[in-house]
Amino acid sequence: MTMRVPTAGAFGPQTFPWIVAALCLLTAALVVVEVFRHPERVIDDPDQDQFSGVSALHDPFDPTFAPAAHLEAEAEAGAQAGPDPGTKWRLLGIGLATLVAFTLVLEPLGWLISATLLFVGMSLALGGRHHLRALVIGLGLASLIQVVFSGLLGMQLPAGILGV
């Protein structure tokens, strides 16, 4: 599969990967700085989501913080929570099947239909239950990506049966 890439323009397909790479490097640098600034993150409330970003940050050299007591409380909470449910093979299979199906139907169906189905399938694989909402959001994302690639980058994504 080959794609014709236009060479004209300052902001084109050759520039876009450099912008993405720079953003990835900046994000990685910020993560490293955050880890060095706050080497140990501790959640005060065991019911609080550890990924919400609202958890309290503690200085590891703070003498008022008692890590042993906190570890005991976590152990008790873990014992009451029950066993880890493990891998959800059905959802993993849905995600993998969605990716494989996307690669197979991209050329014949085109970007808009294939990407919409990809976003809906991945929403289901991640546990989404609102199918109509996933379909509308998937169509919106696929359309937005089509506009960005066609209008801003000058790259044509596969049109498929729609012929757009």
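Predicted model: local features only at pLDDT ≥ 70, side-chain atom pairs only at ≥ 80, totals over all residues.
Apart from neighbours within four places in sequence, L106 is in contact with W111, S114 and P158.

Now the packing of helix 4 on helix 5. Two packed helices are described by the angle between their axes and the distance between the axes. Here helix 5 covers residues 131–152, and its axis comes within 8 Å of that of helix 4, with a crossing of roughly 135 degrees. That angle makes helix 4 oblique to helix 5. The crossing of the two is right-handed.

Which residues make the contact? From helix 4 they are W111, L112, A115, T116, F119, V120, S123 and L124. From helix 5 they are H131, A134, L135, G138, L139, L141, A142, S143, I145 and Q146. Sorted by class, the contact of helix 4 with helix 5 has twelve nonpolar residues, six polar and no charged ones.

Last, a glycine in helix 4, G121. Is G121 buried or exposed? G121 has a relative accessible area of 9%, which is under the 20% cut-off, so G121 counts as buried. Not counting residues up to four places away in sequence, G121 touches I94 and T98. Between the C-alpha atoms of G121 and L91 the separation is 10.0 Å, and the two residues are 30 apart along the chain.

Definitions and conventions. Residues numbered from 1 in each chain as written. Heavy atoms only, no water. Contact = heavy atoms within 4.5 Å. Axes fitted to C-alpha atoms, helices over the stretch in contact; angles between N-to-C directions. Helix = DSSP H or I, 4+ residues; strand = E, 2+ residues; numbered from the N terminus. Parallel < 35°, antiparallel > 145°, perpendicular 65-115°, else oblique. Left-handed = near helix turned anticlockwise from the far one by under 90°. Nonpolar A, V, L, I, M, F, W, Y, C, P; charged D, E, K, R; others polar. Buried < 20%, exposed > 50% of the residue type's maximum accessible area, 1.4 Å probe, protein only.
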